[in-house]
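Visitor: I have a model open and would like to talk through its packing with you. Shall we start with the aromatic rings?

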Amino acid sequence: MNETSNFELFYDVLDESITKLYEIKHDRFLNLLVSTGKNIIANDVLQIEATQEQKDELFKIYEKLSDVDFNVEDVRRAFQMMVLRALKEENLKTGDITPDTIGFFVGYLINKLLPNAKKLNILDPVVGSGNLLYSVANHLSCDLHLFGIDVIKELLDIASIQGDLLNYDIEMFCQDTLDHPFSGMDIVIADLPDYKVSDLEEKYFPYLCVLQHLSSLKETGYFIGIVPNDFFEHDEDNFFKANLKKYGSVLGVLELPKNMFKSNPKSIIIFSRESLPSKKCLLVELPSFSDAGALNKALLQIEQWFEINKKEVK
């Protein structure tokens with residue numbers, strides 16, 4: 001089978017399983033997706049309430065996956081498409097799922113920042129359903145230990161099952177990311193939600209999250225954040241600027257193509273755990289990813305910056 005049909009096959013199996021499981025337990029779509037993932041991982045039907053006939057029907061569905069060589073992108077894309085469908089059916093927000101192309105680009109940046117890494121510890125402190133974390137991980141070739149934090153258990157369950165299906169070494173934590181100390185991370189990645197925390201003196205959440213998890217990094221680590229373009233404009237009292245000096249510095253700002261967003265355009269900001277005052281910040285305005293010529297020029301600019309600064313970027 002080709003890659004496209006493998007993706008479609010995995011999606012169809014998820015769809016058929018969810019439909020059959022609904023007949024058994026009449027549960028929510030997201031929960032049925034988690035149950036399907038657990039069944040596939042266990043190579044079993046774990047629903048004790050199912051009749052033997054229903055179990056046999058589910059086994060027939062899962063047998064379609066046997067002897068098929070799925071790559072990690074087949075599985076991730078199919079699973080995330082089902083997550084989007086689940087969120088729509090339950091009238092939940094779908095805009096919080098990071099576009100695949102951003103994940104691919106973040107993976108490219110990690111390869112430039114740590115080109116010789118043999119193993120990476122990567123944390124997403126606002127992991128959601130995991131699309132950013134896994135779209136990044138699928139484009140890295142070294143060994144990975146992945147960590148995720150989210151306060152919404154049903155999304156964290158989705159992220160956990162997806163990580164197991166992709167056969168990653170994962171640890172997931174259901175709690176407030178601002179209360180969870182970490183250490184020893186090589187990379188922190190986050191698509192940061194845009195709001196203020198009322199019980200913390202109306203502090204801007206992206207600032208709090210960056211400062212919290214810069215301290216989670218090794219001394220040679222990097223925080224790559226996806227933020228609104230007005231990120232720095234929220235710092236009227238210089239809270240972020242003053243505290244950032246304690247933990248690191250801004251290494252680069254890459255403005256994402258405006259056509260990627262219906263509103264509230266975003267940028268990628270790279271923070272270095274080390275303070276590197278001698279380095280000129282990487283500043284790039286990325287064109288549409290569909291404009292190959294313009295994108296190649298932007299990538300050349302990035303490549304040249306890394307070549308010039310490779311002694312300091314480790």
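Predicted model: local features only at pLDDT ≥ 70, side-chain atom pairs only at ≥ 80, totals over all residues.

Visitor: What kind of ring pair do F231 and F232 form?
Guide: Their ring centres lie 4.9 Å apart, and the ring planes meet at 85°. Planes over 60 degrees apart count as edge-to-face. The pair of F231 and F232 is therefore edge-to-face.

Visitor: Which cluster do ring pairs build?
Guide: F231 and F232 both belong to it.

Visitor: How many aromatic pairs does the structure hold, and what kind is the pair of F105 and Y108?
Guide: The total for the structure is 17 aromatic pairs. For F105 and Y108, the ring centres are 5.5 Å apart and the planes stand at 45°.

Visitor: Where do F105 and Y108 lie?
Guide: They are three residues apart, about one turn of the helix. F105 is buried at 7% relative accessibility, while Y108 is partly exposed at 21%. Both residues lie in helix α5, residues 100-113.

Visitor: How are α8 and α9 oriented relative to each other?
Guide: Helix α8 spans residues 205-214 and helix α9 residues 239-247, with their axes 10 Å apart. The angle between them is about 10°, and angles under 35 degrees count as roughly parallel. So α8 and α9 are roughly parallel.

Visitor: Which residues make that contact, and from which helix?
Guide: By class, the contact of α8 with α9 has nine nonpolar, one polar and no charged residues. From α8 come Y207, L208, V210, L211 and L214, and from α9 come F239, F240, N243, L244 and Y247.

Visitor: What is the orientation of α2 and α4?
Guide: The axes of helix α2 (residues 29-42) and helix α4 (residues 72-89) come within 9 Å and cross at roughly 155°. Angles over 145 degrees count as roughly antiparallel. Therefore α2 and α4 are roughly antiparallel.

Visitor: How do the residues of the contact of α2 with α4 divide by class?
Guide: On the α2 side are F29, L30 and L33, and α4 brings F79, M82, V83, R85, A86, L87 and E89. The division is eight nonpolar, no polar and two charged.

Visitor: With which side chain does K203 make a polar contact?
Guide: K203 lies in strand β6, residues 203-204, and is buried at 17% relative accessibility. Its contacts beyond four places in sequence include Y195, L208 and F239. The side chain joined to K203 by a polar contact of 3.0 Å is that of D237.

Visitor: And what about D194, with which side chain does D194 make a polar contact?
Guide: D194 is found in the loop between β4 and β5, and D194 is partly exposed at 39% relative accessible area. Beyond four places in sequence, D194 touches Y204, P228, H234 and N264. The polar contact, at 2.6 Å, is with the side chain of Y204.

How values were computed
Residues numbered from 1 in each chain as written. Heavy atoms only, no water. Axes fitted to C-alpha atoms, helices over the stretch in contact; angles between N-to-C directions. Helix = DSSP H or I, 4+ residues; strand = E, 2+ residues; numbered from the N terminus. Parallel < 35°, antiparallel > 145°, perpendicular 65-115°, else oblique. Contact = heavy atoms within 4.5 Å. Nonpolar A, V, L, I, M, F, W, Y, C, P; charged D, E, K, R; others polar. Buried < 20%, exposed > 50% of the residue type's maximum accessible area, 1.4 Å probe, protein only. Polar contact = N/O pair within 3.5 Å; in protein donor to acceptor, adjacent residues only side chain to side chain. Phe/Tyr/Trp six-rings, centres within 6.5 Å; stacked < 30°, edge-to-face > 60°.
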